[in-house]
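User: Please take a close look at one part of this model, the packing between its helices. Then set that part against the rest of the chain.

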Amino acid sequence: PAGPYRGVARPATTFVMERLLDLGARVLGLDPVAVRRINLIGPADLPYTAATRLVHDCGSYPLCFERAVAAIGYAAFRVEQARLRAEGRHVGIGFASYNELTGLGQAASAGPRMPFRTGHEDATVRMDPSGAVTVLAGVTSQGQGLETTMAQLAAAELGLTSAAVRVVLGDTDATPFGLGAFASRQAVIGGGAVARAAQAVREKITAIAAHLLEAAAADLELRDGRVEVRGAARGLTVLDVARVAHLETHRLPPGTEPGLEATRFYDPIRGTFAAGTQAAVVEVEAATGRVLIRRYVCVEDTGRLINPLIVEGQVQGAIAQGIGGALREHLVYDESGQLLTGTLMEYALPTATDLPTVELAHVEVPAENLLGVRGVGEGGTLGPPAALANAVADALAPLGIEVNELPITPARLWGAGLDGR
C-alpha cells in the first residue's frame with residue numbers, strides 16, 4: 001500500500017514496473033539495460049495510445065535512457081563491480097525510466113468524472129504609461145520560482161527585460177480566476193496564457209508604432225525596448241508607444257481604443273508527457289545494512305527550458321524527496337491503527353548528508369503546446385524508489401535478495417538475508 005505522495009500514484013507504479021523489468025531480466029538471464037531498450041516507446045510509436053486511453057506525445061524515452069546509460073558509465077561499472085565483489089563489497093546499479101503527465105488540458109483533465117474541467121488558465125498583461133508591465137494570473141507559486149518564469153515569458157514577447165515586469169499571482173482581489181496549482185500545469189497552461197496575453201499587447205504596440213512611423217506592421221521588429229523599422233535607422237521606444245496609448249490618444253490609429261492591456265485564455269487540450277531516466281550506483285554496507293548512494297544521474301526531457309536554473313532546482317528537489325521516500329520515509333502504525341510516525345521526531349526525512357550530488361542532463365524535444373514546454377514539478381520523485389531498489393537488488397544479487405518493499409531500510413535488508421559478510 002502507498003499513500004498520497006508527490007507525483008500522485010506514479011512513484012508506486014513506476015516502482016512496480018521498473019522492478020518487474022529487473023526481476024524478469026534476472027530470471028531470464030538478460031541484461032536489464034537490453035530489456036529496457038526493447039520495451040521503451042520511441043518516436044516511431046507515436047502517437048501512442050496507452051491502455052488508459054491517454055495519448056503519449058513524447059518519444060524521447062530511448063534518448064533519455066541512452067544518455068543516462070552513457071553518463072553513469074554502465075559498461076565500465078560492470079567491470080568495476082566484478083572487481084569489488086571479489087573484495088567482498090556489495091555494489092550495484094539500477095535504472096528507472098518514467099513519465100509524468102503534465103499540463104493537463106480539457107481532454108486529459110485531472111477530474112474527468114467531475115462536472116467541470118480544469119484544463120485552462122487565463123492571464124492579464126498590462127503596460128502602463130511608463131512602459132512598465134504587470135502580469136496578473138490566477139496560477140499560484142509554491143516556491144518554484146513561478147514569478148520569475150512568468151516575467152520572462154512576458155518580457156520575451158514584449159522585447160523587454162524581466163526587470164520591467166511585475167508579476168501578481170493568485171491575488172483574488174486583483175487577478176483573473178485561476179484553477180489552482182496541481183498536476184505540473186503552471187508553466188504549460190499558465191505560461192501559455194501569459195504568452196498569449198503578452199502577444200496581444202505586442203500586436204497592439206506594433207500596430208500603434210506602425211501608424212506613428214508610417215510603416216507596415218510586418219516591417220517592424222520589437223526588441224530591447226524599441227520598435228524599429230527593419231533595415232532602416234528609425235524607430236520608437238516602447239515607452240513612446242505606451243505614452244501615446246495612454247496620454248496622447250489623439251495620435252492613435254483610427255478606431256483604436258486607448259490603453260495597452262489584454263486578457264487571454266489558454267488550454268492545451270491534451271496533456272504533455274515529460275520523460276526521464278534516472279540511474280543510481282549504490283553500495284550496501286554488509287555490517288550495517290546501510291545503503292550508500294555513490295552516484296546518481298538523471299536525464300529528463302522537459303521540453304523547452306524557460307529558465308534552466310529553476311528547472312534544475314525543481315528536479316533536484318524532487319529527486320531529494322524521492323530518495324527520502326525510497327530509503328527513509330515510512331508511516332508506521334501500531335496494532336490498533338495508531339500512527340507512530342506522526343511528527344518529524346519519528347518520520348525520517350532525508351537531510352543534506354543523506355543526499356548525493358545529482359548529475360543532471362536535459363533533452364529539449366519541444367512539446368506539442370504553445371510554448372513547447374513540459375512540466376517538471378513532480379517527475380523527479382518518480383525515479384528514486386525504483387532506481388534505488390533496482391540498484392540495491394543488483395548489489396545483493398549474489399545473496400539472492402530482492403527488494404520489493406519500501407523504504408529500503410537496514411532492518412529490512414537484514415530481515416531479507418543480509419548477514420554482515
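Analyst: What follows starts with the helix pairs and then moves out to the loops and a strand residue.

The model is predicted. The chain holds 10 helices and 13 strands. Its C-alpha atoms fill a box of roughly 85 × 50 × 40 Å along the principal axes. There are 421 residues, and 50% of them count as buried. Take the contacts between residues at least 6 apart in sequence: 72% of these join residues at least 24 apart.

Start with α5 and α6. Helix α5 covers residues 146–158, and helix α6 covers residues 186–213. Their axes come within 8 Å and cross at roughly 30 degrees. Angles under 35 degrees count as roughly parallel. The two helices, α5 and α6, are therefore roughly parallel to each other. Their crossing is right-handed.

Which residues make this contact? On the α5 side they are Leu146, Met150, Leu153, Ala154, Ala156, Glu157 and Leu158. On the α6 side they are Gln186, Gly190, Gly191, Val194, Ala195, Ala198, Gln199, Val201, Arg202 and Ile205. By class, the contact of α5 with α6 divides into 11 nonpolar, 4 polar and 2 charged residues. Gly190 and Gly191 are both on the α6 side of the contact.

The second pair is α1 with α9. Helix α1 runs over residues 10–28, and α9 over 383–395. They pack at an angle of about 30 degrees, with their axes 8 Å apart. That makes α1 roughly parallel to α9. This crossing is right-handed. From α1, the contact takes in Pro11, Thr14, Phe15, Glu18, Arg19, Asp22 and Arg26. From α9 come Pro385, Ala386, Ala389, Asn390, Ala393 and Asp394. The make-up of the contact of α1 with α9 is 6 nonpolar, 2 polar and 5 charged residues. Among the charged ones on the α1 side are Glu18, Arg19, Asp22 and Arg26, while Asp394 is on the α9 side.

Helix α7 gives another view of packing. The helix covers residues 238–247, and Val238, Val241, Ala242, Val244 and Ala245 are buried there. Seen down the axis of α7, the buried residues fall within an arc of 160 degrees, so they line one face of the helix.

Now the loops. One of them runs between α2 (32–39) and β1 (48–49) and contains Pro47. A cis peptide bond joins Leu46 to Pro47, with omega about -10 degrees. Pro43 is in the loop between α2 and β1 as well. At 62% relative accessibility, Pro43 counts as exposed. Pro43 and Pro62 are 19 residues apart along the chain, and their C-alpha atoms are separated by 8.9 Å.

A cis bond also links Leu406 to Pro407, where omega is near -5 degrees. Pro407 is found in the loop between α9 and α10 (410–416). Helix α9, on one side of that loop, is the one that packs with α1.

Two loop residues have positive phi without being glycine. Phi of Arg53 is near 75 degrees. Arg53 is found between β1 and β2 (55–56). With 71% relative accessibility, Arg53 counts as exposed. Phi of Glu214 is near 55 degrees. The loop that holds Glu214 lies between α6 and β7 (220–223). Glu214 is exposed too, with a relative accessible area of 74%.

Last, Arg295 in strand β12 (residues 291–301). At 27% relative accessibility, Arg295 counts as partly exposed. Leaving aside neighbours within four places in sequence, Arg295 is in contact with Ala71, Ile72, Gly73, Ala279, Ala280, Val281 and Glu359. Glu283 is 12 residues from Arg295 in sequence, and 9.9 Å from Arg295 in space, C-alpha to C-alpha.

Key:
Residues are numbered from 1 along each chain as its sequence is written. This is a predicted model: local features need pLDDT of at least 70, side-chain atom pairs count only at pLDDT 80 or more; totals for chains, interfaces and linings use all residues. Side-chain values use heavy atoms; hydrogens and water are left out. Buried means under 20% relative accessible area, exposed over 50%, partly exposed in between (1.4 Å probe, protein chains only). Helices (H or I, at least four residues) and strands (E, at least two) are DSSP runs, numbered from the N terminus. The arc is that of the directions from the helix axis to the C-beta atoms. Axes are lines fitted to C-alpha atoms, for helices over the stretch in contact, and angles run from 0 to 180 degrees between N-to-C directions. Angles under 35 degrees count as roughly parallel, over 145 as roughly antiparallel, 65 to 115 as roughly perpendicular and the rest as oblique. A crossing is left-handed if the near helix is turned anticlockwise from the far one by less than a right angle, and right-handed if clockwise. Contact means heavy atoms within 4.5 Å.
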